[in-house]
Amino acid sequence: MTGPLDGRVAVVTGGSRRGAIGAAVARRLATDGAKVLVHSWSPYDAEREWGADAGGPEALVDEIRASGSDAVHYAADFADPDTPAAVVQAARDAYGHVDILVANHARSVRQSLEELTAAEIDLSYAVNTRATLLLIQAFAAQHRDERAGGRVVLFTSGQYHGAMAEELPYMASKAALHELTPTLAVHLAARAITVNCVNPGPNDTGWAEPGVVAESAHHVPGGRWSTPADTARLVGWLVSDEADWVTGQTIASDGGWSALGGI
């Protein structure tokens, strides 16, 4: 049997935790036939309240390989400006070329206006915005030099549907990706590269307490939070040939949560 992504190579960033979106996307693209480089940076997770998934990225790669697909792992900190190019190069070293870039990684630290620090603003922009732009630069350069065609999927958040006053550095850096999507799509259209952005809405990736998930589910018309698998299905379609006429769009996959204003 063949899959819709047979012969293609994908880079999926932010694959540190097996229960989160990056891992779900990597599994889906591998199932669809792609070879996948899984990027991770577990020290960030270790500093957050949800904690690191010890051995998670390596186990994910082993899982993908056991299923008959191919994957490699690359751990690096996107706070380093040299990391984006290194990630793309690692995929090229392993597989020769990169056809799909899914920039799923994110830094999120709770800081309100009163708590805001210049250091956190700079670090959030470095990881969420600068690194993503540099990833796209490295990804697009190989298409210019070698062959046309490709897919880029970015990730934003719900800041364009409602206030996120407790996460200002994260909100600001994610808003930048939302606004960059149309410009990048237009710029890369001549190389047959599509650029789209996904808002996964409230997503049950293990960061929230079960009570919070259950209590707030009634705000979603579908009656539940999104799951990583919901998001992965959308990404799988966006990077397929069927979506070659969709570009410059930000798409919410949230069960109608955004239709209520993201309340």
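This is a predicted model: local features need pLDDT of at least 70, side-chain atom pairs count only at pLDDT 80 or more; totals for chains, interfaces and linings use all residues.

Me: How does one read the two faces of a strand, and which residues of β1 point which way?

Reply: In a regular strand the side chains alternate between the two faces of the sheet. Strands (E, at least two residues) and helices (H or I, at least four) are DSSP runs, numbered from the N terminus. In β1, Val9 and Val11 point one way and Ala10 and Val12 the other, and all are buried. Buried means under 20% relative accessible area, exposed over 50%, and partly exposed in between, with a 1.4 Å probe and protein chains only.

Me: In which sense do β1 and β2 pair?

Reply: Two strands pair if DSSP finds at least two bridges between them. β1 and β2 pair in the parallel sense, over four bridges. Valine 11 has leucine 37 of β2 as its bridge partner, and valine 12 has valine 38. Of the six residues of β2 (35–40), five are buried.

Me: Which residues of β6 point which way?

Reply: Ile193, Val195, Cys197 and Asn199 point one way, Thr194, Asn196 and Val198 the other, and all are buried. β6 pairs with β5 in the parallel sense over six bridges, and cysteine 197 in β6 stands opposite leucine 154.

Me: How many residues form the largest nonpolar core?

Reply: A nonpolar core is a set of buried Ala, Val, Leu, Ile, Met, Phe, Trp, Tyr and Cys residues joined through side-chain atoms within 4.5 Å. The largest one here has 28 residues, and Val152, Leu154 and Val195 have the most contacts inside it. Two or more residues each come from β1 (9–12), α4 (83–95), β4 (100–103), α5 (118–145), β5 (150–155), α6 (168–188) and β6 (193–199). The largest share, seven residues, is that of α5. A second, separate core has 27 residues, including Leu5, Ala10, Val12 and Ala23.

Me: What is valine 195 in contact with?

Reply: Contact means heavy atoms within 4.5 Å. Leaving aside neighbours within four places in sequence, valine 195 is in contact with Val152, Leu154, Thr181, Leu184, Ala185, Leu188, Thr247, Gly248 and Gln249.

Me: How many residues of helix α8 are buried?

Reply: An α-helix has 3.6 residues a turn, so residues three or four places apart point the same way. Helix α8 (228–238) is mostly covered, with eight of its 11 residues buried; among them are Thr231, Leu234, Val235 and Leu238. Their cover includes α1 (21–31), β4, β5, β6 and β7.

Me: Is tryptophan 257 buried or exposed?

Reply: Tryptophan 257, in the segment after β7 (250–252), is buried, with a relative accessible area of 14%.

Me: Which residues line the second largest pocket?

Reply: Rolling a probe the size of a water molecule over the atoms shows where empty space is left. On a 1 Å grid over the protein atoms alone, a pocket is an open set of points where a 1.4 Å probe fits, with protein on both sides within 12 Å along at least five of seven lines; lining residues have an atom within 4 Å of a point. The second largest pocket is lined by Arg151, Ala189, Ala192, Ile193, Thr194, Asp244, Trp245, Val246 and Thr247.

Key
Residues are numbered from 1 along each chain as its sequence is written. Side-chain values use heavy atoms; hydrogens and water are left out.
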